[in-house]
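Subject: Structure handover, aromatic contacts

Hi,

My notes on its aromatic side chains follow below.

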Amino acid sequence: MTTYTTLISAPDLQSLIASGAPLMVFDCSFELMQPTAGAQQYAQAHIPGAVYANLDNDLSAKHGAPGAHGTLTAQEADQPASGGRHPLPSRERFAMWLSSVGFANGMQAVVYDRQGANYCGRLWWMLKWAGHDAVAVLDGGLQAWQAAGGAVNSGEEPAHFQTNFQLGTPLRQLATASEVLARLQQPGQTVIDARAGARYRGEVEPLDPVAGHIPGALNRPFAENIGADGRFKPADVLRAEFEALLGGRDPATVVHQCGSGVSAVPNLLGMEIAGLGPTALFAGSWSEWCSDPTRPVEKG
């Protein structure tokens, strides 16, 4: 069968489902300011058989319990793989979740949301990080599925039998705050910030305690990857836009970040669609960076 590794169209997903190929579809709908809204949206309408993946509960680590000197402590299996407001769970903990929902290594994964690929990209990247290449974002999300005549279900779906998902060699690079700091403003690293321009410039900061951006970071709001039709822009358009942003910098040096490592992924995926990837993700992003007052901050 055809393996999809970046995007899949709604008609291609319909054909894949009809073929009976081993497949699991994930609905990652979420609203940052209303954390329960995504589950409600899923309950109202979702692709038949889709598993709901909640950003807070399934795709982020528990922050742990307060420890000495205000630090956070957690059992070893629950040690986050990153900092920030949405810390990555360990690869082992993520594999346990995949197994619990019945996802197996031989399956094609398709992820979608209703929010312009803002949230489903997280699961796309995490599966790559877990060593699973056969994962694609449904281009245009649930809206494209319905526009193509795709059926939807409401309510809950039957549970799947547990599997034993096996981790593979990571297929995408996770950058840490210390690594980003060590390479700051050096030719070997180009940081791209996916937040809105006003947040990048430090004019407003609705979520984190410090306003501004990582010194030297370039700004490309993640929504710029999406065209007026709700789908990713064509590969040649994305390539031209990223090359203009990079201004001659080597695409291989790029590290993506945003507020908490979620909305940076559409930029990362956009570069891959454009033939300029894969690139690295600083998952802790601004929320982790600005938590340490010794790290430099730039405004404007």
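Rings of Phe, Tyr and Trp, taking the six-membered ring of Trp, count as a pair if their centres lie within 6.5 Å. Bear in mind that this is a predicted model.

By that rule there are 8 aromatic pairs. One of them is Phe-94 with Trp-97: the ring centres are 6.2 Å apart and the planes meet at 15°, so this pair is stacked. The cut-off for stacking is planes under 30 degrees apart. Both residues sit in helix α3 (residues 91–100), 3 residues apart, so about one helical turn separates them. Phe-94 and Trp-97 are both buried.

Trp-125 has a relative accessible area of 1%, so it is buried. Trp-129 comes to 6% and is buried as well, because the limit for buried is under 20%.

Which residues do ring pairs link into a cluster? They are Phe-26, Phe-94, Trp-97, Phe-103 and Phe-165.

Two arginines lie over ring faces. Arg-220 is over Phe-242, 4.2 Å from the ring centre. Arg-295 is over Trp-289, at 5.7 Å from the ring centre.

Best wishes

Technical notes. Residues are numbered from 1 along each chain as its sequence is written. This is a predicted model: local features need pLDDT of at least 70, side-chain atom pairs count only at pLDDT 80 or more; totals for chains, interfaces and linings use all residues. Side-chain values use heavy atoms; hydrogens and water are left out. Rings of Phe, Tyr and Trp (its six-membered ring) pair if their centres lie within 6.5 Å; planes under 30 degrees apart count as stacked, over 60 as edge-to-face and the rest as tilted. Helices (H or I, at least four residues) and strands (E, at least two) are DSSP runs, numbered from the N terminus. Buried means under 20% relative accessible area, exposed over 50%, partly exposed in between (1.4 Å probe, protein chains only). A charge sits over a ring if NZ of Lys or CZ of Arg is within 6 Å of the ring centre and within 35 degrees of the ring normal.
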